[in-house]
Amino acid sequence: MNVLRPKSFDEYIGQENIKKLLKISVEAAKSRNEMLDHILLSGPPGLGKTTIASILAYEMGKNFKFAIASALQKPIDLVGLLTSIDKDGSVLFIDEIHRLPKNLEEILYVSMEDYIVDISVSKGIGAQSVRLNLPPFTLICATTKPGSLSSPLIDRFGIHGYFEFYQEEELSSIIKRSAEFLELEIEEEASNFLAKRSRFTPRVANKLLRRVRDYVQVNKIKSIDVIAAAESLKIINIDDLGLNDLDRKYLRALKDIFKGGPAGIDNISQFLGESAETIEDLCEPYLLKIDFVQRTPRGRVLTENAINYLDNTYCEKSI
């Protein structure tokens, strides 16, 4: 269990618009003694979609059941999840819903609308199935690629929440809260220093803090200051913009190999030896946010900001 994960709306920092929407929905559903409408959460990775889903289960007083869509490959996988719903209702969370196979998506349609699921008991001509009634439940799905979802699936969610990148002030507050949980002393200037290098993402902020914790523990430093934070990030090659080795290799390849683009994601991933999904999920959201890369119909294009960065930053050339 992640001890840094907030457990209630009161503990959750940021995403005020989504919190406001969901608080009203929770209060209304509880006053009617009903389950929440199904919810679709979308946005870049690491912004707290899973955390919000677990908080909704806590606020509704229901059990939280978690699954990753890529692990649901056969109908029996999904049926197993649906039939695990508690008698008084559960909150089901499916992460990366854009990876769910289409035949399983169609099973989900009926379950979401009518709280039933059909289980096949034989195969071939004359195949038979048994229909089971399900207790009411709330399905929460998260995706980093809402454009990959079909319209029939999107239409079955009553509530949509889009996660925005965090502000540095919010990240600094998250770092200070996490430091408290980890029993670390951290100076205000140091938390701001880490926040600026956290790619506007809480998951990154907490990851950096854990690396700083390792550094100060080994070096017997009592309180985290800017010097300790800077030395820690230097060891893992995080620069002042929060860029890491993979980011720099990506940018350098786009500049040197693909001549600034446009370049297709498959060609870039093949050159870097990384999957396209890794690049799309880990590198590009932040590089797009800081206007280092643009996505065009013909492929990725390096911007003037990125060229200036590469010209003023030492990093190993691609060729």
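# Burial and helix packing

User: Does Arg5 count as buried, partly exposed or exposed?
Analyst: Arg5 has a relative accessibility of 30%, and the classes are buried under 20% relative accessible area, exposed over 50% and partly exposed in between, for a 1.4 Å probe and protein chains only. This is a predicted model, in which local features need pLDDT of at least 70 and side-chain atom pairs count only at pLDDT 80 or more, while totals for chains, interfaces and linings use all residues. Residues are numbered from 1 along each chain as its sequence is written, and side-chain values use heavy atoms, with hydrogens and water left out. At its 30%, Arg5 therefore counts as partly exposed.

User: Which residues does Arg5 touch, not counting those up to four places away in sequence?
Analyst: Arg5 lies in the segment before helix 1, where helices are DSSP runs of H or I with at least four residues and strands are runs of E with at least two, numbered from the N terminus. Arg5 and Thr50 are 45 residues apart in sequence, yet their C-alpha atoms are 9.5 Å apart in space. With contact taken as heavy atoms within 4.5 Å, Arg5 touches Thr50, Thr51, Ser54 and Arg177.

User: Is Ser8 buried or exposed?
Analyst: Ser8 is also placed in the segment before helix 1, and, leaving aside its neighbours within four places in sequence, Ser8 is in contact with Ile55, Tyr58 and Glu59. Because its relative accessible area is 11%, Ser8 is buried.

User: How are helix 1 and helix 2 oriented to each other?
Analyst: Helix 1 (residues 16-31) packs on helix 2 (residues 49-60) at an angle of about 30 degrees, with the axes 10 Å apart. Axes are lines fitted to C-alpha atoms, for helices over the stretch in contact, and angles run from 0 to 180 degrees between N-to-C directions. Angles under 35 degrees count as roughly parallel, those over 145 as roughly antiparallel, 65 to 115 as roughly perpendicular and the rest as oblique, so helix 1 and helix 2 are roughly parallel.

User: How do the residues in the contact of helix 1 with helix 2 divide by class?
Analyst: Helix 1 contributes Lys19, Leu22, Val26, Ala29 and Lys30, and helix 2 contributes Ile52, Leu56, Glu59 and Met60. Ala, Val, Leu, Ile, Met, Phe, Trp, Tyr, Cys and Pro count as nonpolar, Asp, Glu, Lys and Arg as charged, and the others, Gly among them, as polar. The division is six nonpolar, no polar and three charged.

User: Which elements do the buried residues of helix 2 pack against?
Analyst: Helix 2 is mostly covered, with ten of its twelve residues buried, including Ile52, Ile55, Leu56 and Met60. These buried residues pack against helix 1, strand 1 (39-42), strand 2 (63-68), strand 3 (90-95) and strand 6 (138-143).

User: What is the class make-up of the contact of helix 3 with helix 4?
Analyst: Helix 3 (residues 75-82) and helix 4 (residues 102-114) pack at about 30 degrees with axes 9 Å apart, and are therefore roughly parallel. Pro75, Leu78 and Leu82 of helix 3 meet Asn103, Leu104, Ile107, Leu108 and Ser111 of helix 4. By class, this contact has six nonpolar, two polar and no charged residues.
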